[in-house]
Amino acid sequence: MRTLILSSLLALGLAASVSAQQPLSPIVTDPTAQDAAISFGGPEPVRFVTATGDEHVIMAEIAATPEQQQRGLMWRDSIEPGTGMLFQYVPAEPASMWMRNTLVDLDILYVNEAGRIVKIIAYAQAESRRSLSAEATVSGVIELGAGQSIAMGLRPGDRVYHPFFPEEAVADVTEPDVDAAQEAPVEAQ
């Protein structure tokens, strides 16, 4: 009996020693969790051409997978000028964004399949849970640091160049409505 008890204690001691050597790392399945390890594509250049012919280029991280899109720019302390994130939707869909877990204000640009900006929401408020809708079917969303779209003079109808928006799609679209191109970006509330 004594041998059986000693053998059991020895076995328990070995098992505890083995488990202590293997660090327990939590499995994170929620891509919006702060400690989730999400890698993005890019950065890749995204070129904007305004109705007046001005051109601007940013370097954008790419969010193409559902996990990348759920995470977006959450948990970032800052967004450097000239940088942002480009979300791709295949097929195009009605898009809506929110700012939960986003620590900085952003500009949100909704882009249709032809590479035209259909709506800009400037200064979307950090941590807001308000739904910020494109009110249109889009194939891309670009997030920039707050104020960048205004500094670049971007307006609805301006053109976005990136492989997500094929050149041949532009030929199928009429020129932007002059009134729409004159609209100022909508400020989030």
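This is a predicted model: local features need pLDDT of at least 70, side-chain atom pairs count only at pLDDT 80 or more; totals for chains, interfaces and linings use all residues.
The aromatic pairs were counted on the basis of ring centres, and the count comes to 1 aromatic pair. The partners are Phe164 and Phe165, whose ring centres are 6.5 Å apart and whose planes meet at 75 degrees, so the arrangement is edge-to-face. The assignment follows because an angle over 60 degrees between planes counts as edge-to-face. Both partners were also examined for accessibility. Phe164 has a relative accessible area of 17% and is therefore buried, the limit for that class being under 20%. Phe165 is likewise buried, with a relative accessible area of 1%.

Contacts between charged side chains and rings were found at Tyr161. Arg47 is placed over the face of the Tyr161 ring, at 4.2 Å from the ring centre. Arg159 also lies over the face of Tyr161, and its distance from the ring centre is 4.2 Å.

The backbone was then considered. Most peptide bonds are trans, and most residues other than glycine have a negative phi. The bond joining Gly42 to Pro43 is cis, with omega near 10 degrees. Pro43 belongs to strand S1, which covers residues 41-49. A cis peptide bond is also present from Val90 to Pro91, where omega is near 0 degrees. Pro91 is part of strand S3, covering residues 83-97.

In Tyr123, which is not a glycine, phi is positive at about 55 degrees. Tyr123 is located in strand S5, made up of residues 117-124. The relative accessible area of Tyr123 is 36%, so the residue is partly exposed. Glu127 is situated in the loop between S5 and strand S6 (132-145). With a relative accessible area of 41%, Glu127 is partly exposed.

Terms used
Residues are numbered from 1 along each chain as its sequence is written. Side-chain values use heavy atoms; hydrogens and water are left out. Rings of Phe, Tyr and Trp (its six-membered ring) pair if their centres lie within 6.5 Å; planes under 30 degrees apart count as stacked, over 60 as edge-to-face and the rest as tilted. Buried means under 20% relative accessible area, exposed over 50%, partly exposed in between (1.4 Å probe, protein chains only). A charge sits over a ring if NZ of Lys or CZ of Arg is within 6 Å of the ring centre and within 35 degrees of the ring normal. Helices (H or I, at least four residues) and strands (E, at least two) are DSSP runs, numbered from the N terminus.
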